[in-house]
Amino acid sequence: MSPTRPAARAVGLVAAWVAAATAAVVVGVLAVSGLGASFRDRGPIGDNEAVREAQLGAAAPTRLEEPGERRVFSGAHGRFVVRCRGAYAEGLRAMPAPGWRVVSYEPGPDDDVDAIFTRGRSSVEIDVFCNRGMPTIAELERNEIPEG
């Protein structure tokens, strides 16, 4: 048995392992991106789909014609009013509390909407989606920018 034979076998095993690991990662990414929204009870639409439908002249989903559930999310930062119509969320208003300001606000309709409030070095980001037709906080993130 020559010394190059074990080396060739080791290279083959490493190549097979890399191929299997790559396939596992690809399958995992596809599964999470394709099914993740369904597991969280979120709708399948996103910004790209809404833009594409608008460009193609597609009619708005009929669900948007139905009356929806409204909810107000309040805190020291202010208020964020969201309405759900089926799986679609709409940010109706983002109103900052005194001393706060709204720096970003996504009105939708989309599978989720968000608003970012800031005051000095503090920020609050609220991300809301529709859970069975009811506005529900997906994420509430509070941040402090460190002094530099």
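The secondary structure of the protein comprises two helices and seven strands, assigned as DSSP runs (helices: H or I, at least four residues; strands: E, at least two) and numbered from the N terminus. The model is predicted: local features need pLDDT of at least 70 and side-chain atom pairs count only at pLDDT 80 or more, while totals for chains, interfaces and linings use all residues. Residues are numbered from 1 along each chain as its sequence is written, and side-chain values use heavy atoms, with hydrogens and water left out.

From the N terminus, the order of elements is α-α-β-β-β-β-β-β-β. Of the 148 residues, 28% are buried (under 20% relative accessible area; exposed is over 50%, partly exposed in between; 1.4 Å probe, protein chains only). Among contacts (heavy atoms within 4.5 Å) with a separation of 6 or more, 32% involve residues 24 or more positions apart. The accessible surface is about 9,800 Å², and carbon and sulfur atoms account for 58% of this area (Shrake-Rupley method, 1.4 Å probe; for residues, only the protein chains shown count as cover).

One disulfide is found in the whole structure, a disulfide being a pair of cysteine sulfur atoms within 2.5 Å. The bond joins Cys-84 and Cys-130, with the sulfur atoms 2.0 Å apart. Cys-84 lies in strand S2 (residues 78–85) and Cys-130 in strand S6 (residues 122–131), so that distant parts of the chain, 46 residues apart, are linked. The S-S torsion is about -100 degrees, and the disulfide is therefore left-handed. Both Cys-84 and Cys-130 are buried.

Val-18 is located in helix H1 (residues 4–39) and, because its relative accessibility is 40%, counts as partly exposed.
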